[in-house]
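Hello,

Please find the structure below.

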Amino acid sequence: MKDIREDIAWAKINQDVMKSLENPRPLYWVILFFAVLTFGIGIGCEVYQYQMGMGVANLDNPHVWGLYIATFIFWIGMSHSGTLLSAILHLMHADWRKPIYRFAEAMTTFSLMTAGLFVMVHLGRLWQFYYAVPYPNERWVWPNFQSPLLWDAMAIFTYLSSSVLFLFVGMIPDLAIARDNMHSGWRKKLYTLLALGWEGTDRQWRNFRVTYLTIACFLIPLAVSVHSIVASDFGMSQQPGWHVTSFPPYFVAGALYSGCAAIITLFIILRYVFKFEDYMTLPILKKIVRLTFAIAMVWTYLNCIEFASVWYSHDAVSKDLLIQKMTGPYAPFWWAMIFCGSIVPLVFAIKRFQTNIPVLFATSLLLNLGMWLERWMIVSPTFSHGYYPWTWDHDQWPSMIQWGIVFGSFGWFTLLFMVFCKMFPSVSMYEVKEMVYHRTLHLKQNGASEQTVEQGVH
Amino acid sequence: MSKRHLLALYGDFDQAEAVVKELRNTKISGFDVNDDMIVKSPIEHPEVEKFLGEKPVYVQWFTLIGAVLGGSLGFLGISSAQANFFMQMKGGKPIVPLPPNFVLTYELFILGGVYITILGFLICSGLPAKRSPLYNAKVSVDNIGILVKAEEAAVGALKAIFAKHKALEIQEEAGK
């Protein structure tokens, strides 16, 4: 299996990555077209909802949270693997992260931006958004600092801004390369501005290393706290199915899981579209696949823990809800979640599939479908089958407007992501050079020591 | 007396290291090896720091100050807001509840830490910066550059050292 070559010239690394900014395969434009189309549908649905009111979304009482909040959690979850994995693998000096971390971090940023949109969409009366802002006012309405919803807003803002900074700081040396290699024009001006005058001096690298490491250290607990807090949005309520102690780790595992699955999908797309076959290699894909498999098993285990704790808790309502999920109107989706989340990843355990691109692409899409269903199965069944039988509503189904906005969010994310990859180097050039350099050095040292051993024998 | 800049490019770190060592060991009048030399490289290479000698990094102090300020100001801000919200029905609960405030304090601790770390990075790295007198784009490809600043009298000796170690290219700032 071909890995990154040790003898690859550094100039070629620059050339290949810079080429991706100008000359992608035609599939890029096809993806971009569908992204714009889907996003347009989402925009149309949102405009209609804005004009007509939240009734058109078919949200009602008890179904006050629908696909919007489920999809919000999905996008927050998706954001986790990028920055979190990048930071963890950076601290662990895992060399193989280097060609893939940039797009994973971009994925984090754009997922968070997409998730943030759902808060606005869900609010309904957008023109009164300022009601949620804490300032002295005649309404006597104040945000409740004791509410996990407010913690969530703060945590997401912190995570988004920190992730953007982490992405930007890590990109500065590559922006300088882009500045030096781009023909004059608006792009050169943009890279010159963003590179901040980077020249790779020893002083700059010294401070860069400490800064990058420090932010990575901050981001790991931050990422864990963000999804724990999202879990608290549910776990701190008294609703059946939500008031579960294992919710925060369950959410964090789910977030890592969906993020890893998304990394596989995007890895395969970028590898082909931007001709990154020499950098996004199959051995790296294999490592991500194995990591995803491990996280899938943790997620499955935490699911079992959740079911067991409900089953043995003697909480009749929660147990009734669990049975309702398995056998009621949501059963096909609930079982699909179990199938996609726990059974499908077993494909990753089979060695020959760990580098089979069509199989991995299809599997990663199914995993993400499973993870989206998971979020939906957290939100909606609880509303449909709560404590009071007179509030039960098993027949509610999200309207086309809700579905349209959900699909639109995928278009929005894809649009942002693809534009980013065309505008900025999605493979870190300087880190791939470091990777190649260290491997060469390692080979040289090994060669030297082998030679010494041989000389000793003779 | 005005100083002139020289930039020598090398193909690998070993050559650059040899040059730096020689510059350190050679006494050249009009050239201070500690203040007048900058090594530029296309990758982060800890060995560069080894042969350049220990130089302090202060970014972590910015981090500490940012995190402490972020956390403490965050807690104070939220608590003072809560203490002013007497119109809210508290129902016997504490006016400033510590456990929920801890969550927000934690987030602001990180937020302050990250923001001020970035500020520290920019200050300590001297960014944003103007292009240095002699810049060669090859440094962002695969060359290691040694930029020196010296008085006119020292230029000849420096060029000789660069040439001795087989510099790929020597750029010289035009005389003033």
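**Confidence in chain A**

Helices (H or I, at least four residues) and strands (E, at least two) are DSSP runs, numbered from the N terminus. Over chain A the average pLDDT is 89, and 97% of the residues score at least 70. Where pLDDT is low, the predicted coordinates should not be read in detail.

This is a predicted model: local features need pLDDT of at least 70, side-chain atom pairs count only at pLDDT 80 or more, and totals for chains, interfaces and linings use all residues. Residues are numbered from 1 along each chain as its sequence is written, while chains are lettered from A and ligands numbered from 1 in the order in which they are written.

**Chain A as a whole**

Chain A has 14 helices and zero strands. Its C-alpha trace spans about 85 × 55 × 40 Å along the principal axes.

Of the 458 residues in chain A, 47% are buried. A residue is buried if 20 or more other C-beta atoms lie within 10 Å of its own, exposed if 12 or fewer, and partly exposed in between, with C-beta atoms placed from the backbone. Among the contacts in chain A with a separation of 6 or more, 83% are between residues 24 or more positions apart. Two residues are in contact if their C-beta atoms, placed from the backbone, lie within 7 Å.

Trp299(A) is in helix H9 (residues 282-311) of chain A. Trp299(A) counts as buried because it has 26 C-beta neighbours inside 10 Å. Leaving aside neighbours within four places in sequence, Trp299(A) is in contact with Ala253(A), Gly254(A), Tyr257(A) and Gly341(A).

**The sheet in chain B**

Chain B has an open sheet of four strands in the order S2-S3-S1-S4, with antiparallel pairing. Two strands pair if DSSP finds at least two bridges between them. S2 and strand S4 (169-172) of chain B stand at the edges with a single partner strand each, so one side of each has no neighbour in the sheet.

Strand S1 (residues 3-10) of chain B and S3(B) pair over eight bridges, and Tyr10(B) stands opposite Ile144(B) in S3(B). S2(B) and S3(B) are joined by four bridges; there Met37(B) has Val148(B) as its bridge partner. S1(B) and S4(B) also pair over four bridges, and Leu9(B) has Glu169(B) as its partner in S4(B).

How enclosed is strand S3 (residues 144-151) of chain B? Seven of its eight residues are buried, so S3(B) is largely enclosed by the rest of the structure.

**Where the chains meet**

The contact takes 44 residues from chain A and 50 residues from chain B. On the side of chain B that touches chain A, H4(B) gives the most, with 15 residues.

Regards

Technical notes. pLDDT is the predictor's confidence in each residue, from 0 to 100.
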